[in-house]
2 protein chains.
Amino acid sequence: MLNSAVAKGGRAGDARWRTASAVLAEVRRAPGVTRAEVAHRLRLSTGSSTEITARLRELRLLVEVPAVPRGRGRPTGVLRPHPSGPLVLLIELRHDDWRADLATLDGELRAFGAGRHGGGVDGQGGGRSDGPEPVLAVLGQLIARARERLGGRLRAVSLAVAATVGDGRLVDASSLGWPPVDLGTLTDLPLLIGNDATLAGVAEARSGAARGSRAGLHLLVEAGIGGSLTVDGRPVSGATGAAGEYGHLPFGDRALRCHCGAAGCWELEVNGIALARHLGEPRPTSPRRYTVEVLRRDSAAARAAVTATATALGAGIAGLVNLHDPDVVTLGGLAGPLRAGAPAEFTSAYLAGLMAFRRAEPPPVLDASHGEHGARHGAAAVGLDHITTEAALAGWAEEQAAH
Amino acid sequence: MLNSAVAKGGRAGDARWRTASAVLAEVRRAPGVTRAEVAHRLRLSTGSSTEITARLRELRLLVEVPAVPRGRGRPTGVLRPHPSGPLVLLIELRHDDWRADLATLDGELRAFGAGRHGGGVDGQGGGRSDGPEPVLAVLGQLIARARERLGGRLRAVSLAVAATVGDGRLVDASSLGWPPVDLGTLTDLPLLIGNDATLAGVAEARSGAARGSRAGLHLLVEAGIGGSLTVDGRPVSGATGAAGEYGHLPFGDRALRCHCGAAGCWELEVNGIALARHLGEPRPTSPRRYTVEVLRRDSAAARAAVTATATALGAGIAGLVNLHDPDVVTLGGLAGPLRAGAPAEFTSAYLAGLMAFRRAEPPPVLDASHGEHGARHGAAAVGLDHITTEAALAGWAEEQAAH
DNA sequence: CTATTATCCTCGGGACGCGAGCTTATTGAG
DNA sequence: CTCAATAAGCTCGCGTCCCGAGGATAATAG
């Protein structure tokens with residue numbers, strides 16, 4: 001018999017879904033894990049394992065499919081997302097395009113649409129900004145279509161945006177060429193909004209190059225520098241969610257003013273505009289494309305410019321390692337290519353900037369492994385975290401009981 | 001009847017002490033809280049409240065004392081630490097002295113000893129360092145004495161050290177004039193080791209000026225700059241516990257080399273050595289005393305030097321607010337007096353360094369409220385957290401059942 | 001075909017917390 | 001002084017979770 005639909009308030013009501021939530025987390029942490037393996041890792045008795053598996057199956061959260069036998073003994077089953085199970089819609093919003101996916105409980109993504117829009121101040125979509133309204137209208141329709149098609153299976157929408165996010169709003173969307181925007185009106189589903197660089201860091205920590213790290217520092221260089229610190233795979237996002245503006249630490253020359261309103265910002269030493277300054281060339285309209293182009297050049301001047309930015313990158317990272325004490329650093333976007341453009345100088349700047357006691361075992365600086373998909377995988381992680389909380393599972397169970 | 005002493009493995013064994021742990025946390029969060037109030041906050045039914053209070057009393061964790069009546073209705077009781085309940089020994093180790101306290105479950109401290117030692121490189125104890133051995137011997141004896149006197153009531157030792165801590169070692173104890181030291185041999189009790197500035201931040205977040213903050217940034221200026229970011233009162237301590245070296249972020253002039261091995265460290269712009277540099281005076285042997293002395297001077301040159309350091313402090317804090325997104329910043333040690341020495345310049349540097357969108361509601365920068373006691377209160381918080389975990393309570397209960 | 005191995009299922013039982021109904025202690029209005 | 005109102009605490013039956021022992025089951029190795 002299924003649990004009664006009577007929701008218990010207080011502590012018992014939450015504790016009820018505690019183990020279920022842990023099982024789902026395990027399934028996501030290692031997709032394709034067997035039921036026996038999960039029981040072992042969570043130290044569940046076989047009786048509890050039987051019970052909880054049955055519950056999760058009845059609730060249309062998981063199914064058990066036969067596993068490939070691996071030796072003697074009674075075969076066990078692989079836990080997979082239920083074909084009628086809950087889903088999260090992810091949307092990544094970048095300065096001139098967007099892309100949507102659906103995520104299942106095991107963290108797998110399936111494309112659900114993509115499009116281009118007017119583009120930001122120096123976007124490739126024509127250099128013209130339409131403002132947020134048309135884009136938000138399109139995304140609102142997308143969410144409505146997903147709800148129509150998926151009904152109650154759609155449990156949350158998780159947004160990864162190339163802008164500074166605070167309390168569910170885009171508090172600084174200048175990279176999109178937009179004024180501050182409130183996104184709370186997009187849907188009445190649970191809406192999770194995160195910065196793309198922050199979420200890419202989450203993806204690296206959960207299933208990328210920083211997998212298994214206790215503290216992971218991710219730095220993403222595009223037009224600016226974003227990033228995040230993750231602790232056991234969870235982002236440290238500050239009071240409002242706006243943490244991670246690594247590019248606006250004053251590591252640079254105070255004489256240089258930044259578009260953010262401050263001066264001496266680190267990103268002014270690292271991005272394409274910095275390269276152009278070193279080369280005495282005009283400020284590029286697309287710093288990203290310009291950087292890629294300079295990295296391809298074969299001139300002493302270009303190499304010197306790349307070396308200067310790679311050095312600034314390495315020195316700043318060293319300071320952040322002093323601060324955060326991560327066990328691994330991951331580089332996303334152009335950070336990897338910039339380092340590759342002057343690896344020796346990057347490394348010596350990195351080591352020189354570390355406190356002496358850290359030089360014996362400096363944290364490795366790895367290229368990110370999710371590439372272009374990091375933000376969406378991170379958004380999936382955050383969204384799935386949300387729909388597998390004890391409270392959210394209680395809600396799902398109630399709806400399932402009501403048919 | 002008490003719970004059977006048979007420890008259940010796995011999840012049930014932990015869940016068993018979950019509510020007990022929550023009740024103890026509540027008692028510590030608001031010392032003097034009534035039983036009815038705790039039940040209300042944890043959304044416990046009166047039945048559960050009766051049951052759990054009886055259990056905690058039988059286990060010698062809490063006692064109930066009559067509360068002053070506050071109006072109609074049956075009077076309730078105040079929950080207090082049991083007179084035979086568990087204790088944590090705290091030791092704060094500074095560059096030329098140490099101080100020990102005992103903490104009860106409600107977070108109250110009681111002095112348990114103090115002493116002086118050789119002192120660090122520029123300590124006031126004579127400028128001479130005896131190395132760690134004699135000090136560690138004294139502390140070892142102190143711990144042994146506490147165990148002798150308190151028996152099984154002493155559950156953990158929590159150390160706050162003015163040094164960089166990593167994985168239970170002092171990985172950089174140059175501020176004490178010591179080489180790296182392993183402290184794991186001090187006792188076989190659970191030993192928690194933290195940096196003093198980090199722990200002072202914890203104290204501010206739990207019961208000080210940053211109380212109730214979601215994300216609190218604490219900065220402590222002494223000879224250098226330490227600090228911590230706390231999230232819901234818990235410190236973000238990095239992979240090994242060495243996070244918080246704010247003074248070694250490269251916010252300063254790259255031409256200045258730091259004793260830490262890097263260059264351009266922020267603390268070189270803020271501490272007493274920076275003041276002396278601005279004033280063209282010789283490097284002080286005690287930067288702390290020198291700073292206090294300069295703050296008292298009434299000369300234009302001294303004011304200019306203080307203004308320069310206060311400005312560097314404000315500008316750096318702004319960068320860190322951009323990065324961490326705290327809802328409150330607290331200043332410990334000399335940071336408050338330095339700001340007070342040039343408040344207008346501090347504030348304008350702070351505001352100028354913020355990203356424009358933050359200037360509408362910049363996080364308040366408050367003086368820390370724990371003063372000299374911050375590190376010990378933070379060490380108490382961390383130690384009591386440790387002994388009120390579900391696993392630790394299970395251990396305590398087992399010993400109580402065995403008489 | 002059989003022993004071995006690994007896993008799954010069943011079932012009784014303990015622990016927790018809930019909620020209903022009742023009891024107790026205090027205040028304040030009549 | 002009495003008694004309703006108020007606020008808590010206590011008791012007890014119940015549902016849920018997980019455990020653990022014992023037995024069943026499904027594969028492989030020989």
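This is a predicted model: local features need pLDDT of at least 70, side-chain atom pairs count only at pLDDT 80 or more; totals for chains, interfaces and linings use all residues.
Let's begin in chain B, with Thr185(B). That one has 10 other C-beta atoms within 10 Å, so it's exposed. You'll find Thr185(B) in the loop that links β9 (181-182) to β10 (191-195). If you jump 104 residues along the chain to Arg289(B), the two C-alpha atoms are 34 Å apart.

Over to chain A, and a couple of backbone angles. Arg60(A) isn't a glycine, yet its phi is positive, near 60 degrees. It's in the loop between α4 (46-58) and β1 (62-66). Arg60(A) has 18 other C-beta atoms within 10 Å, so this one comes out as partly exposed.

Then there's Asp167(A), again a non-glycine with a positive phi, near 50 degrees here. Asp167(A) is in the loop between β7 (164-166) and β8 (169-172). It has 12 C-beta neighbours inside 10 Å, and therefore counts as exposed.

How is chain A superposed on chain B? With a rotation of 180 degrees and 0.0 Å of shift along the axis, at an RMSD of 0.0 Å. So the copies are related as by a two-fold rotation axis. In chain A, the C-alpha nearest that axis belongs to Phe251(A), at 2.5 Å.

And the interface? Of chain A's interface residues, 98% are interface residues in chain B too, so the copies meet through the same surface.

That's it from me, thanks.

Conventions
Residues are numbered from 1 along each chain as its sequence is written. Chains are lettered from A and ligands numbered from 1 in the order in which they are written. Helices (H or I, at least four residues) and strands (E, at least two) are DSSP runs, numbered from the N terminus. A residue is buried if 20 or more other C-beta atoms lie within 10 Å of its own, exposed if 12 or fewer, and partly exposed in between; C-beta atoms are placed from the backbone. Copies are superposed by least squares on the C-alpha atoms of residues with pLDDT of at least 70 in both. Two residues are in contact if their C-beta atoms, placed from the backbone, lie within 7 Å.
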